[in-house]
Amino acid sequence: MTKEPGRGCASCVLVVFQLVVVAVLFVGAWAEEYFSWDPQFIPGPVGPYIVKMGVVAGIAAVAGIIAGLRGSGAVAYGQALVVVVTLIAMAVTDAMGDSAHEDHRRECYDAPATPGCANVR
């Protein structure tokens, strides 16, 4: 019996790398929404972060399908885990962005002369 060396290690590295990318995107979206030294800060859109997370989920789904077809169940399960975690991160990021934009909208309705509130509807 010959065993392919490194298959398990490579799949673990791939899963960890993909989860790190999702974590970096999530933290970037959080920082853009809630952290700024500028008192007149206007939160940016989270759409680009969600799209990038979707790309990671798509890559993981394709890799999982290919692994499943080739008979590597461990890799397929790892990629399925990445897809699920990424979809959860996408949903949380979307909710976080909606919340931040709603807070900004409410501030603009309370004080329309506030900088950054010229085109808020």
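Modeller: Let's start with burial: a residue is buried under 20% relative accessible area, exposed over 50%, and partly exposed in between, with a 1.4 Å probe and protein chains only. This is a predicted model, in which local features need pLDDT of at least 70 and side-chain atom pairs count only at pLDDT 80 or more, while totals for chains, interfaces and linings use all residues. Residues are numbered from 1 along each chain as its sequence is written, and side-chain values use heavy atoms, with hydrogens and water left out.

Colleague: Thanks! Which residues of H2 are buried?

Modeller: In H2 they are Tyr49, Ile50, Met53, Val56, Ala57, Ala60, Gly64 and Ala67. Over the protein, buried residues make up 29% of the 121 residues.

Colleague: How do you know that the span of H2 agrees with its number of residues?

Modeller: The expected span is 1.5 Å times one less than the number of residues. H2 has 23 residues and should therefore span 33 Å, and its end C-alpha atoms are 33 Å apart, which agrees. After H2 comes Gly71, with a positive phi near 90 degrees.

Colleague: Why is Gln79 called buried?

Modeller: Its relative accessible area is 1%, which is under the 20% limit, so Gln79 counts as buried. Gln79 belongs to helix H3. Contact means heavy atoms within 4.5 Å; beyond its neighbours within four places in sequence, Gln79 is in contact with Leu14, Val15, Gln18, Ala60, Ala63 and Gly64.

Colleague: And why is Leu87 called partly exposed?

Modeller: Leu87 has 48% relative accessibility, which falls between 20% and 50%, so the label is partly exposed. Ala23 in helix H1 gets that label too, because its relative accessible area is 40%.

Colleague: What makes a set of residues a nonpolar core?

Modeller: The set must be buried Ala, Val, Leu, Ile, Met, Phe, Trp, Tyr and Cys residues joined through side-chain atoms within 4.5 Å. The largest one here has 15 residues, with Met53 and Val82 making the most contacts inside it. Helix H1 (7-34), helix H2 (47-69) and helix H3 (73-110) each give two or more residues to this core. Not counting residues up to four places away in sequence, Met53 touches Val22, Leu25, Phe26, Thr86, Ala89, Met90 and Thr93.

Colleague: Why is the pair Arg106 and Glu102 called a salt bridge?

Modeller: A salt bridge needs a side-chain nitrogen of Lys or Arg within 4 Å of a carboxyl oxygen of Asp or Glu. Arg106 and Glu102 meet at 3.4 Å, N to O, so the pair qualifies. The two are 4 residues apart in helix H3, which means about one helical turn between them. The whole structure has 1 salt bridge.
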